Amino acid sequence: VPQAIDSTAIKDSIARAERERADALRRQRERDDSIAAANRARDAAAEQARLRDALTAVIHFDFDQSDLRDDARSTLDSKVPILMANPEVAIRIAGHTDERGSTEYNLALGQRRAAAAKRYLTDRGVQAGRIETASMGEQQPVADGHDESAWASNRRDEFEITGGGGRLTSPRM
Amino acid sequence: MPSEVRLPTHVLLVAALVATLTPIARNAHAQDTTRPRGVVIGLTYDPSSKPGIIVLPVSGAFGDSVRSILQRDLDYSDRFGIIPIEVPGGAINYALFSRLGARVVVQATLAQGSLHVALHNVEKQGVSNVDDFPLPERANSHEWRMAVHGVADEIERWITGQKGIAQTRIAYMDGSRLRIVDSDGEGDEPVPVAANALSPAWNPAGTMLAYSTWGTTSRIMVVDLRTRRSRAMANATPSNTNLSPVFSADGSSIVYSHAGESGTDLYLVPVADDAPARRLSVSQADNVGPTFSPDGRKIAFTSGRSGHPEIYIMDADGTNPDLLTSFDFGDKNYRSDPDWSPDGRLLAFQSQSPDGRFQIMTISLRDRGTKVHTSEGSNEQPSWAPDGRHLVFTSTRSGTRQLWVLDTDSGRMRQLTRASSASLAAWSPRMHAGGVAPSGAATRSKR
């Protein structure tokens, strides 16, 4: 013969179990939310870094040339939408040369390299007033060697964010 | 720093022997050393040979310094063969001098506040020139050494008809630090300048240096060597670089390059007033590194207007530009950094050779004949000495960038600096003692 069922105790037990499950679900949700928030923050930071890296990506040149190579154009192409999406951002382009040739002519060449990149960006809609140029000539090599590999690294334009770069907006795809 | 002149042992032995055997005729010629100045008894100088010269020992405190400075200066002039003998008491013995191959003998005597110098013509057995040169009080001071250099330059003029270049200095860059060194490598000192300095250039009086600064605030500056103060001649503007200043031949203006976003052009700005700069060259290319002809009527400069750097000449007002270095050295076409010789006949410049290194060349403005002057290491940035014969330039031949001095006549070279790195040398005009010439003393600008 089955024993009489204590229905109150059963209800309590069910209620407790349900509460615990709800708590667990809530905790799980909170954990999920916080993970999602952390992921979003990480993704946002990564996106900021990606935008920043794209804006400051260096371009390189051939010896005694200020013409933009294909790789330089593609690097500049990825700067354009970011600059357009962030109209408050100002940048400085600094032209550099390798150690060879005339120290003085290299200052002019560095200025020409910076101007070439600026012109490429302004031709694609970036306001000229947002871009300052400068030349460092052969004075600031990134590679110390005296061979083609060092020279190739040193023939470059560097891009520096000089204003409005606090939080960058991603361009719409 | 400079190397000693050494004579083979047997010559010194002969000298000692002859000195012992030959009576010293000191008294017989003593009166000659007081011969009135300006009286010349006919020494003929043949530029193609290097006459033997003896600088007799100089008695008294600092006599050794006087002698070694004179001897080294005359050696560095590359116009004489130095015969370093030790004659007891500095005695005059023409027979001995003649046997040693000397044609001239310098007899210097230190007196109170001055140096008395007599120049002996060995063949004529007499004094050809004599003069007294005032010396600053503090012996071996920089001022004193410069005064002795001036004596050497005058002795050179007595013999060759042309003043020497010992009493000059060379401005150069040690990284971004501006320094000045005496022509013999001594007296190397820093000059206070603005940050990121480059390209020093002398004014014709030797009292000021123009220079440029590079970076985001690029200016043309002038430092007065008497006050050591710098002032800006061309101010920094965003997106522009100012570079390669040079004084005009009369010292009244500075011509420099202004690099903007549509090329680099030459501009002229007066030194004295605040008048605006005037554009001289008009081209979409880069025009840098100007150098004036000695008469001030022409400017040579480096231009990339043909697609690569070459040297052009234009009138000082910017008209009539003309390609000068229109010759082909194979696949390397890069010529730059011209410097006009003080006699107006030559331009020195740097030219890239097929192996990629640069070499110092000169080109004649009369027939465009060229000469390559260097081959070891990479050699760049030539600057003429006031004698139009010696060049100072940057060379990597010792392993680091250092300044070297070349005698373009004989090809002889000597290392001038032993800095951590030296470049962009500018040879000064002739100076007076102290390293700064009085205003208007010289007539030529150098870079």
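**The interface between chain B and chain A**

Chain B and chain A bury about 2300 Å² between them, and carbon and sulfur atoms give 54% of that area. Buried area here is the accessible area, taken with a 1.4 Å probe, that two parts lose on being put together, summed over both. On the chain B side, B:Trp214, B:Glu261 and B:Tyr334 lose the most area to chain A, together 25% of what that side buries.

This is a predicted model, in which local features need pLDDT of at least 70 and side-chain atom pairs count only at pLDDT 80 or more, while totals for chains, interfaces and linings use all residues. Residues are numbered from 1 along each chain as its sequence is written, chains are lettered from A and ligands numbered from 1 in the order in which they are written, and side-chain values use heavy atoms, with hydrogens and water left out.

The predictor gives the complex an ipTM of 0.84 and a pTM of 0.86. For chain B the mean pLDDT (the predictor's confidence in each residue, from 0 to 100) is 86, and 83% of its residues reach 70 or more. Residues 1-41 of chain B have pLDDT below 50; beyond near neighbours in sequence, this stretch has 59 contacts in the model, where contact means heavy atoms within 4.5 Å. In residues 434-447 of chain B the pLDDT also stays under 50, and the model has 61 contacts for them beyond four places in sequence.

In the interface, 35 residues of chain B are in contact with 27 residues of chain A. Three salt bridges are counted between the two chains, a salt bridge being a side-chain nitrogen of Lys or Arg within 4 Å of a carboxyl oxygen of Asp or Glu. B:Arg401 forms a salt bridge with A:Glu138, with the closest N and O atoms 3.5 Å apart. Several strands of chain B give two or more residues to the side that touches chain A, among them E9 (197-202), E13 (241-247) and E25 (379-384). Strands are DSSP runs of at least two residues, numbered from the N terminus. E13(B) gives the most, with three residues.

Chain A has an open sheet of four strands in the order E1-E4-E2-E3, with mixed pairing. Its edge strands, which pair on one side only, are E1 (59-60) and E3 (131-137). Two strands pair if DSSP finds at least two bridges between them. E1(A) and E4 (residues 156-163) of chain A run antiparallel and are joined by two bridges; A:His60 has A:Arg156 in E4(A) as its bridge partner.
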